[in-house]
Amino acid sequence: MRRTVVNRVLLGLVGAVLLGAGVLVLAGGLDLYRRLGVHPPAWWPLTSPDQPVVSARSRGRWVGSSWWWPTVIGGLSVLLVGTAWWLVAQLRRTGLPWIDVPTPGAGGLRLKVGASALEEALEQGTAVLPEVERAGVRLVRAPGHPRLRGAVRLTPGGDPVGLVEHFEDGPRADAVRSLGLAELPAELRIRVLQEAPAGKRRRGRRRGHRELE
């Protein structure tokens with residue numbers, strides 16, 4: 001699962017929780033239950049403008065317990081560490097937003113190609129190669145030049161060496177030629193599926209790691 005998908009799911013969950021809490025506070029603060037003739041259950045929070053978010057009884061119920069403060073401090077610490085880890089992960093993105101395209105003879109002109117468009121084209125070109133069941137390609141940062149990082153899953157009996165040759169002469173060569181790049185190193189992680197008996201799921205038979213310079 002890509003990082004953008006994870007971020008969207010997390011942001012969606014956090015947004016849903018905040019939206020629900022906001023609706024509860026707004027409904028209680030504006031006394032909407034009484035105005036609309038709605039009778040919520042006795043345990044329902046914030047049913048009137050005079051009701052506090054946390055009652056005095058609730059605030060003092062657990063304070064005297066020996067586990068209360070360690071639990072609160074531990075929970076807040078986990079939340080803080082998790083938030084810091086998420087922030088650092090966003091700042092340390094290895095993907096590229098775009099790639100610079102050489103423009104010989106056009107002084108002052110700079111062309112950029114979106115990395116997502118190049119990744120999609122390479123994935124489609126790799127997916128149609130012989131014996132390929134699934135392919136994923138990312139464009140990552142590398143010293144001096146961008147670098148391709150791909151993960152390919154072959155059908156049972158697939159030939160990793162043949163895949164490398166087809167990838168080198170096909171999608172990678174097309175990208176280098178189309179963009180006019182001097183080089184575009186690639187790193188491929190290849191997984192070959194094993195033919196399983198009927199009714200059982202196929203499993204990976206062997207893995208390969210190839211680098212193309």
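Predicted model: local features only at pLDDT ≥ 70, side-chain atom pairs only at ≥ 80, totals over all residues.
Start by selecting Gly 180, which is partly exposed with a relative accessible area of 44%. On this tour, buried means under 20% relative accessible area, exposed means over 50%, and partly exposed lies in between (1.4 Å probe, protein chains only). You will find Gly 180 in the loop between α6 and β5. Helices (H or I, at least four residues) and strands (E, at least two) are DSSP runs, numbered from the N terminus.

Residues are numbered from 1 along each chain as its sequence is written, and side-chain values use heavy atoms, with hydrogens and water left out.

**Next stop: the core**

Select Leu 118, Val 132, Leu 139, Leu 148, Val 152, Leu 154 and Leu 163; these have the most contacts inside the largest nonpolar core, which has 25 residues. Such a core is a set of buried Ala, Val, Leu, Ile, Met, Phe, Trp, Tyr and Cys residues joined through side-chain atoms within 4.5 Å. Colour the elements that give two or more residues to this core: β1 (98-101), α5 (115-127), β3 (132-140), β4 (147-154), α6 (160-179) and β5 (186-194). Which element gives the most to this core? That is α6, with five residues. As background, nonpolar side chains tend to be buried together in soluble globular proteins.

**Next stop: salt bridges**

The structure holds five salt bridges, where a salt bridge is a side-chain nitrogen of Lys or Arg within 4 Å of a carboxyl oxygen of Asp or Glu. Let's visit some of them.

- Show the side chains of Arg 153 and Glu 133, which meet in a salt bridge (3.1 Å, N to O). The pair links distant parts of the chain, with Arg 153 in strand β4 and Glu 133 in strand β3, 20 residues apart. Arg 153 is partly exposed at 25% relative accessible area, and Glu 133 is partly exposed at 31%.
- Move to helix α6, where Glu 168 and Arg 172 are four residues apart and therefore separated by about one helical turn. Their side chains meet in a salt bridge at 2.2 Å, N to O. Is Arg 172 buried or exposed? Arg 172 counts as buried, at 6% relative accessibility, whereas Glu 168 is partly exposed at 28%.
- Pick Glu 187 and Arg 189, whose side chains form a salt bridge (3.2 Å, N to O). Glu 187 is buried, with a relative accessible area of 10%, while Arg 189 is partly exposed at 48%.

**Last stop: the tryptophans**

Finish by selecting Trp 67, Trp 68 and Trp 69, which ring pairs link into a cluster. Rings of Phe, Tyr and Trp (its six-membered ring) pair if their centres lie within 6.5 Å; planes under 30 degrees apart count as stacked, over 60 as edge-to-face and the rest as tilted. By this rule there are two aromatic pairs. The rings of Trp 67 and Trp 68 have centres 6.1 Å apart and planes at 70°, so this pair is edge-to-face. Trp 68 also pairs edge-to-face with Trp 69, at 6.4 Å centre to centre and 70° between the planes. Colour them by accessibility: Trp 67 is partly exposed at 41%, Trp 68 is partly exposed at 24%, and Trp 69 is partly exposed at 49%.
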